[in-house]
Amino acid sequence: MAQNANSLPTPTLLYKSSVERGEAWRSQFAREMPEVEFRLWPDVGDPLKITHLVAWVPPDNLPETFPNLRVIFSVGAGVDQFELESLPITVKLVRMLDPSITQGMVEYVTWAVLSLHRETPVYLDQQRHRCWSERYWTAAEERRVGILGMGNLGQAVARSLSRLGFPVAGWSRSRHEIPGVDCFAGIGELSRFLARSDILVCLLPLTAETHHILNAHTFAQLPQGAMLVNVGRGGHLNEVDLLKALDSGQVNAAVLDVLENEPPGSDHVFWNHPRVWLTPHVAASTRVESGCKVLLDNMRLDLAGMPMQGEVSRQAGY
Ligand code: NAP
Ligand code: GLV
């Protein structure tokens, strides 16, 4: 393996995601960190030289193929696509803390909540049926929003919705204190949180603990006719339970940006469901410029032997 002056291996970064962004990042690295060798998938070169990986979907057999890997950077905020338990303990996993992701998520959830709040699905349906009919208007202050996950994204979304006048609550593992937001913590406070959530937004990471957290038991604890926005991961939602809850009216409508299988099969019932809106996992994504800055900053921290921003806790799994 190539050695640098301090006899550490030359840092070699393998990028495996969208080619357009990869080429931009390679040029940026050449300008700002020429000491890092930047490889664009599938041009891996000698796999033994790879010390850092940037990926959305990781290559197969990571530990065996890249035995000298030290750091994996997710190009997204989520890291559930990497099997943390199967990675050697020496490999660090880092999620992307790109301010553009936060901005995109705030925009998307604000759009979804306002659309549900102002009954856009109903009015679109009425238009299709040439029906001009006014419905009773609910003020934002009467529509309680609950956010599952009070992390980087949940907190930003909570602040934005709170500014619009919605009574906002958040639920997380540990308790947070956010001005203007009612904060609930832990499984023991989940029922109380759900009982006051007219619109439920899921912004949790997908872990063994949060898998299928959006299930019949959860829906039953929401106020009747509650609405759902899932922007976490498809694995958070039990789709069969949602369909039943929509049929019974327990859940009135759902905006789903993520699904268990993306894209869903052409016969998936959600495609034509009158009270389900689908978007193709576009709520928020890493932007070329801001994402590269985050990556460069983290590379500098890592090469200086310092902790990086967004390191995933092996214990928590996110
Ligand atoms: P984050 O900063 O890690 O925050 C995660 C939050 O979830 C924290 O508040 C955490 O509690 C809470 N949490 C985790 N496990 C929990 C549990 N078992 N019970 C209760 N609360 C739990 O993550 P983030 O950056 O906000 O991102 C959240 C997720 O959004 C990502 O993992 C990804 O799946 C999704 N995402 C989707 C898109 C999209 O385009 N659809 C884009 C970006 C991200 P603590 O505060 O106590 O740690
Ligand atoms: C997108 O889903 C992300 O995790 O950034």
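**Group meeting: the ligand shell and some backbone features**

Let me begin with H212, which sits in the loop that runs between β9 (199–202) and α7 (216–221). Please keep in mind that this is a predicted model. The phi of H212 is near 55 degrees, a positive value in a residue that is not a glycine, and with a relative accessibility of 24% H212 counts as partly exposed. H281 also has a positive phi, of about 55 degrees, although it is not a glycine either; H281 is placed in the loop between β12 and α9 (288–303), and its relative accessible area of 27% makes it partly exposed. As background, most residues other than glycine have a negative phi, and most peptide bonds are trans.

One joins W41 and P42, with omega about 10 degrees, and P42 belongs to the loop between β2 (37–40) and β3 (52–55). Another joins E262 and P263, with omega about -5 degrees, P263 being in the loop between β11 (251–256) and β12 (276–278).

Now to ligand 1. Domain 1 (5–98 + 286–303) and domain 2 (100–278) both contribute residues to the shell around ligand 1, so the ligand lies between them. Of the 29 residues around it, those that come nearest are L153, S174, H176, D257 and Y318, and the shell divides into 14 nonpolar, 10 polar and 5 charged residues. As for contacts with oxygen atoms of ligand 1, a polar side-chain atom of R95 lies 3.2 Å from one, a backbone N or O atom of G151 lies 3.0 Å from one, and a side-chain N or O atom of S174 is 2.5 Å from one. Taken alone, ligand 1 exposes 940 Å², of which the protein buries 93%.

Notes
Residues are numbered from 1 along each chain as its sequence is written. Chains are lettered from A and ligands numbered from 1 in the order in which they are written. This is a predicted model: local features need pLDDT of at least 70, side-chain atom pairs count only at pLDDT 80 or more; totals for chains, interfaces and linings use all residues. Side-chain values use heavy atoms; hydrogens and water are left out. A residue is near a molecule or strand if one of its heavy atoms lies within 4 Å of it. A polar contact is a pair of N or O atoms within 3.5 Å; within protein, one must be able to donate a hydrogen and the other to accept it, and residues adjacent in sequence count only if both atoms are side-chain atoms. Accessible areas come from the Shrake-Rupley method with a 1.4 Å probe; for residues, only the protein chains shown count as cover. Ala, Val, Leu, Ile, Met, Phe, Trp, Tyr, Cys and Pro count as nonpolar, Asp, Glu, Lys and Arg as charged, and the others, Gly among them, as polar. Domain bounds come from an automatic or database domain assignment. Helices (H or I, at least four residues) and strands (E, at least two) are DSSP runs, numbered from the N terminus. Buried means under 20% relative accessible area, exposed over 50%, partly exposed in between (1.4 Å probe, protein chains only).
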